[in-house]
Amino acid sequence: QYAFNYKTDQDQFGYERPLFADESFYYPYNDCEDRSILFSILVHELLGLDVVLLHYPGHLATAVDLGNSAYGDYITVKGKRYTICDPTYVGASIGDSMPQYKNIKAKVITL
């Protein structure tokens, strides 16, 4: 949440441009889909946990399979509980959804 400076693709490039994970370290800014892509790769590759992307209108977040012991907001996908872990929601804890997306059904993108 704090490692990268935030700027929308429109402001940085003048058009929508999702970054490859390693490009987040090259460009001076990134936005929600860039952070979610990088976060999902790091969690899956380093921790071996299953991750899904959550596509809301104008926002991309992540959810991680932390089992049933995690608290907070979650989504169930194929019988597994995925806890919301949004790398763009600055100051949020695991299980915190952005208020404006809390009651919106996300399109789940499995990895």
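The model is predicted, so local features need pLDDT of at least 70 and side-chain atom pairs count only at pLDDT 80 or more, while totals for chains, interfaces and linings use all residues. Residues are numbered from 1 along each chain as its sequence is written, and side-chain values use heavy atoms, with hydrogens and water left out.

Y2 sits in the segment before strand β1 (5-6), where strands are DSSP runs of E with at least two residues, numbered from the N terminus. Y2 and G91 are 89 residues apart in sequence, yet their C-alpha atoms are 8.7 Å apart in space. Apart from neighbours within four places in sequence, Y2 is in contact (heavy atoms within 4.5 Å) with V90 and G91. Y2 is exposed, at 64% relative accessible area; exposed means over 50%, buried under 20% and partly exposed in between, with a 1.4 Å probe and protein chains only.

Next come the charged pairs. Side chains of opposite charge can pair when their charged atoms come close. The structure holds 4 salt bridges, each being a side-chain nitrogen of Lys or Arg within 4 Å of a carboxyl oxygen of Asp or Glu. In one of them, E23 meets R17 at 3.0 Å, N to O, and E23 is buried at 16%.

A second salt bridge joins K80 to D65, with the closest N and O atoms 3.4 Å apart. K80 lies in strand β6 (residues 80-84) and D65 in the loop between β4 (59-64) and β5 (74-77), so this pair ties together parts that are 15 residues apart in sequence. D65 is buried, at 18%, whereas K80 is partly exposed, at 30%. Both belong to a network of salt bridges that links D50, D65 and K80.

The side chains of D73 and K102 also meet in a salt bridge, at 2.6 Å from N to O. This pair links distant parts of the chain, 29 residues apart: D73 is in the loop between β4 and β5, and K102 in the loop between β6 and β7 (107-110). D73 is partly exposed at 21%, and K102 is partly exposed at 45%.

What does S97 touch, leaving aside its neighbours within four places in sequence? S97 is in contact with D73, I84, Y89 and K102. S97 is found in the loop between β6 and β7 and is buried, with a relative accessible area of 10%.

Key. Helices (H or I, at least four residues) and strands (E, at least two) are DSSP runs, numbered from the N terminus.
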